[in-house]
Amino acid sequence: MLLELRDISVHYGKIEALKGISVEVAEGEIVTLIGANGAGKSTTLKTISGLRPLSRGSVWFDGQDISRMAGHKRVVAGIGQSPEGRGVFPGMTVRENLMMGAYTRKGDLTKDMDEVFGLFERLSERRDQMAGTMSGGEQQMVAIGRALMARPKVLLLDEPSMGLAPMLVQQIFSIIEEINRRGTTVLLVEQNAQQALKLAHRAYVLETGRIVKSAPASDLLDDPEVRAAYLGGDLGDPEPQDVPPDEPQDRPETGPDLSKG
Ligand SMILES: Nc1ncnc2c1ncn2[C@@H]1O[C@H](COP(=O)(O)OP(=O)(O)OP(=O)(O)O)[C@@H](O)[C@H]1O
Ligand SMILES: [Mg+2]
């Protein structure tokens with residue numbers, strides 16, 4: 001197993017945000033973690049990257065217990081994170097932001113930079129633009145590109161589709177697929193459960209700090225409980241409204257409140 005959370009609990013003060021969860025991510029997989037606001041998705045990723053301490057359990061990466069390893073060392077070990085929100089350096093250009101992502105590495109970065117520009121054409125055209133002046137979607141691309149510059153073995157993505165227009169959502173998801181095809185393992189947190197489940201190999205459902213389901217992603221797409229709770233479906237109306245029956249329903253639902261970060 002490349003990444004393994006063993007029965008971990010995480011607290012914010014007295015509040016137990018993760019109540020003993022276990023998650024496994026094998027090399028080469030795309031695993032998604034879905035769940036409502038406040039379920040603990042971001043906390044899970046922050047714990048993996050070392051931003052939150054454990055109160056119980058352990059985190060294993062590449063055969064090593066990294067539970068107490070400092071965050072910057074985890075980056076070197078191969079854990080890359082593109083944080084929730086965007087977290088780009090606004091006063092730096094796209095190119096400079098990407099360079100920051102590679103701060104743990106030495107040597108020539110041209111090839112890596114070209115690879116990122118190959119994935120994100122939009123960034124390639126804007127490589128000398130200040131990241132702070134870019135659109136939300138473009139900043140999301142910068143954040144993902146920056147994480148890739150560290151050549152992670154596993155890429156942690158926290159709601160990469162948040163706030164993006166439907167067309168850009170599609171684009172981000174197919175880029176994630178391409179990143180995985182090129183050999184990077186992906187742990188994806190999403191509220192856009194439909195898209196995430198279509199993309200991922202396996203999925204976990206998180207509810208107020210507990211894993212309530214884990215299964216192949218395609219099984220969860222057909223799971224009535226998951227459909228009702230996370231896919232905005234099967235709540236008594238069998239026919240989708242205003243959508244021709246054979247059109248893929250890829251538009252994000254007017255879902256839960258996304259304003260909380
Ligand atoms: N810095 C913090 N201090 C106190 N409580 C926090 C903090 N960060 C998160 N929490 C709490 O921990 C729980 C899990 O939060 P988390 O951000 O992991 O949820 P999430 O699943 O990512 O939600 P969302 O979909 O809204 O991003 C929530 O109840 C939240 O209020
Ligand atoms: Mg979150």
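The chain averages a pLDDT (the predictor's confidence in each residue, from 0 to 100) of 89, and 88% of its residues score at least 70. This is a predicted model, in which local features need pLDDT of at least 70, side-chain atom pairs count only at pLDDT 80 or more, and totals for chains, interfaces and linings use all residues. Residues are numbered from 1 along each chain as its sequence is written, while chains are lettered from A and ligands numbered from 1 in the order in which they are written.

Contacts here are pairs of residues whose C-beta atoms, placed from the backbone, lie within 7 Å.

| Residues | pLDDT | Contacts in the model |
|---|---|---|
| 234–241 | under 50 | five beyond four places in sequence |

The chain has ten helices and ten strands. These are DSSP runs numbered from the N terminus: helices are H or I, at least four residues, and strands are E, at least two.

Helix H7 spans residues 166–181. Its buried residues are Val169, Ile172, Phe173, Ile176 and Ile179. They sit on the same side of H7, because they cover an arc of only 115 degrees around the axis; the arc is that of the directions from the helix axis to the C-beta atoms. Met167, Ser174, Glu178 and Arg181 are exposed on the other side. Buried means 20 or more other C-beta atoms within 10 Å of the residue's own, exposed means 12 or fewer, with C-beta atoms placed from the backbone.

The buried residues of H7 pack against several elements, including helix H4 (110–119) and strand S8 (185–190). Just after H7, Gly183 takes a positive phi of about 115 degrees.

Notes. The expected span of a helix is 1.5 Å times one less than its number of residues. Two residues are in contact if their C-beta atoms, placed from the backbone, lie within 7 Å.
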